Amino acid sequence: MEKKDTRSGFGAGLTELGRTNPNVVALCADLTGSLKMNDFQDENPERFFQIGIAEANMIGIAAGMTIGGKIPFTGTFANFSTSRVYDQIRQSIAYSGKNVKICASHAGVTLGEDGATHQVLEDIGMMKMLPHMAVINTCDYNQTKAATIAIADHEGPVYLRFGRPAVPNFTPSDQNFEIGKALHLKEGTDLTIFATGHLVWESLEAAKTLVEAGISAEVINIHTIKPLDNKAILEAVKQTKCVVTAEEHMLNGGLGDSIAQLLGRELPTAIEMVGVNDTFGESGTPMQLLEKYGLDAKAIVAAAKKAIARK
Amino acid sequence: MPNISKLNDVVSQVRRDIVRMVHANSSGHPGGSLGCAEFFTALYFDVMNHNTSFSMDAKGEDLFFLSNGHISPVFYSVLARSGYFDVAELATFRKLNSRLQGHPTTHEGLEGIRMASGSLGQGLSNAIGAALTKKLNKDNSMVYSLHGDGELQEGQVWEAFMYAAAKNVDNLIATIDYNQKQIDGSIDDVLPMGNLSAKLKAFDWIVLEEFQGNDIESVIHTLARAKELSGHGKPVVIIMHTEMGNGVDYMMGTHKWHGSAPNDEELKSALVQNAETLGDY
């Protein structure tokens, strides 16, 4: 399986938008290389804005640029895209209803060696609480590229979350990304694993291991945490009656939290959640950190067995 | 030449609107609003090229951003008086289901508002963004913004000052309402900002000082001068000296009317001091 980083998918999508949509502009806070925005910058210097290390100003400028019809894409690390500028996003983008795409790389513990100061694990929660904000967490290069292109056509603010490490690139290169649409990646009858971001691949690996234990796991990719595909989730859970959620994010505020709310209202079901439980990350390699913080295939297998036992 | 007498009639009516709006709710911010009545009237009744049949994108129009959103009463009054919406709607200020929220917002679709403000320090960045888009669109209109002086304590403003000068955002005229007062007292009591003009010059802005911010003729002249200086590679900032509470004697010379409403007696006194020129709402 070819491995590629999701941030490069963002860069490729942005480059394509630069060629096809003259209203797309890009802003960066001194992380152009990390966000893979160089090609867009080289091809469209007049539409690329290097803001410097001033994320609050970047968010405010992006909001202002929408007046007159531009579609700004901001790029920096996920931590500096959200928690650092939450009030700017809240007032100037979400409350003001501005068509800004907040594109955030290096999310979660897989940022790796830089450690907890940079490993935001709260961003999905923060962003999904903002009215009008769509929240997307992509799983591989191809999906990230397709999502980047798709959000330009979505009127309204979007938070697009992706990551740093090279990970398996397993979704089709010609996919049509539809915001808010769950993707069935593997059929199964005993339980449903709902996964987002880097943990989608880990969930597919877990499903293979579960077969050996005689458990048939369905894997559904929820790339859009908000708006959530309630219909697809409820239909799946009606069949399997057993749920695991998996995400590289705090349990509080993440995908599992959203699904638990939905099931609590509509279809009470036992649920096991794979995520970070109220702790900060630390330095290490991405794979070491996924293992230590219980975010790998092994952790998903354990959660699935626990969920089956509760069924 | 603008008819200064007619503009001063507008100012008088705007002051009445401000104190009546704030009195009707026993809440709101009359002090800074009154201090900027001449500035808003100058912008919307003389200086800016703008269209009251509102379009968010404002292509070919001058734009204005209010960064210190708490002085919404003066903004709402001038928008209504210049024709963006019916003056009768001023009566809904700060009331349930109103488009005239405590602080300005686009959320309720009020014509004339292009950005929410209230949480301080964000408006200069917003104005820069709009100015950059105007350049991309080959639109030669100007972008104006207003900021409180106390608001300059917010760090984001200085990020924006640094950016605009470094990146030659020269279709932008920012004005600082320099009344030297904030909620807790005078600027010097709270956090002295030293030589503001020198600081802004050091940030490489063209700095104009308007010492008569409550003289509409002088304000118009300074805004015209600012426009002449625009378009030459640097943004322009006006340090506009104003009197908080201007036009209502007991509100002047103190910070106490920053966010306090007049009672019935105080309202009467304020109205006696400002003639009804265009008809109360």
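Domain bounds come from an automatic or database domain assignment. In this predicted model, the assignment for chain A gives domain 1 (3-168) and domain 2 (183-310). The C-alpha centres of the two domains of chain A lie 25 Å apart. Their contact takes 27 residues from domain 1 of chain A and 31 residues from domain 2 of chain A. On the domain 1 side, four elements of chain A each supply at least two residues: helix H6 (123-128), strand E6 (134-137), helix H7 (141-151) and strand E8 (166-168). E6(A) gives the most to this side, with four residues.

The largest nonpolar core holds 179 residues. Within this core, A:Ile193, A:Ile300, A:Ala304 and B:Ile128 touch the most other members. Domain 1 (3-168) and domain 2 (183-310) of chain A both give residues to the core, so the core lies between them. In general, nonpolar side chains tend to be buried together in soluble globular proteins.

B:Ile128 has partners in both chains. In chain A, B:Ile128 touches A:Ile61 and A:Gly64. In chain B, the partners of B:Ile128 are B:Ala160, B:Tyr163, B:Ala164, B:Val169 and B:Leu172, with residues up to four places away in sequence not counted.

The contact between the chains takes 29 residues from chain B and 23 residues from chain A. Helix H5 (123-136) and helix H6 (155-166) of chain B each supply at least two residues of the side of chain B that touches chain A. The largest share of that side, ten residues, comes from H5(B).

Two helix pairs within chain B were also examined. Helix H3 (residues 37-47) of chain B packs against helix H9 (residues 216-229) of chain B at an angle of about 60°, and their axes are 9 Å apart. Angles from 65 to 115 degrees count as roughly perpendicular; H3(B) and H9(B) are therefore oblique to each other. H3(B) passes H9(B) in a right-handed crossing. From H3(B), the contact uses B:Glu38, B:Phe39, B:Thr41, B:Ala42, B:Asp46 and B:Val47. H9(B) contributes B:Ile216, B:Val219, B:Ile220 and B:Leu223.

The second pair joins helix H1 (residues 4-25) of chain B and helix H10 (residues 264-273) of chain B. Their axes come within 10 Å and cross at roughly 170°. Angles over 145 degrees count as roughly antiparallel, and H1(B) and H10(B) are therefore roughly antiparallel to each other. B:Arg16, B:Val19 and B:His23 of H1(B) make this contact with B:Leu267, B:Ala270 and B:Leu271 of H10(B).

Key: Residues are numbered from 1 along each chain as its sequence is written. Chains are lettered from A and ligands numbered from 1 in the order in which they are written. This is a predicted model: local features need pLDDT of at least 70, side-chain atom pairs count only at pLDDT 80 or more; totals for chains, interfaces and linings use all residues. A nonpolar core is a set of buried Ala, Val, Leu, Ile, Met, Phe, Trp, Tyr and Cys residues joined through C-beta atoms within 7 Å. A residue is buried if 20 or more other C-beta atoms lie within 10 Å of its own, exposed if 12 or fewer, and partly exposed in between; C-beta atoms are placed from the backbone. Two residues are in contact if their C-beta atoms, placed from the backbone, lie within 7 Å. Axes are lines fitted to C-alpha atoms, for helices over the stretch in contact, and angles run from 0 to 180 degrees between N-to-C directions. Angles under 35 degrees count as roughly parallel, over 145 as roughly antiparallel, 65 to 115 as roughly perpendicular and the rest as oblique. A crossing is left-handed if the near helix is turned anticlockwise from the far one by less than a right angle, and right-handed if clockwise.
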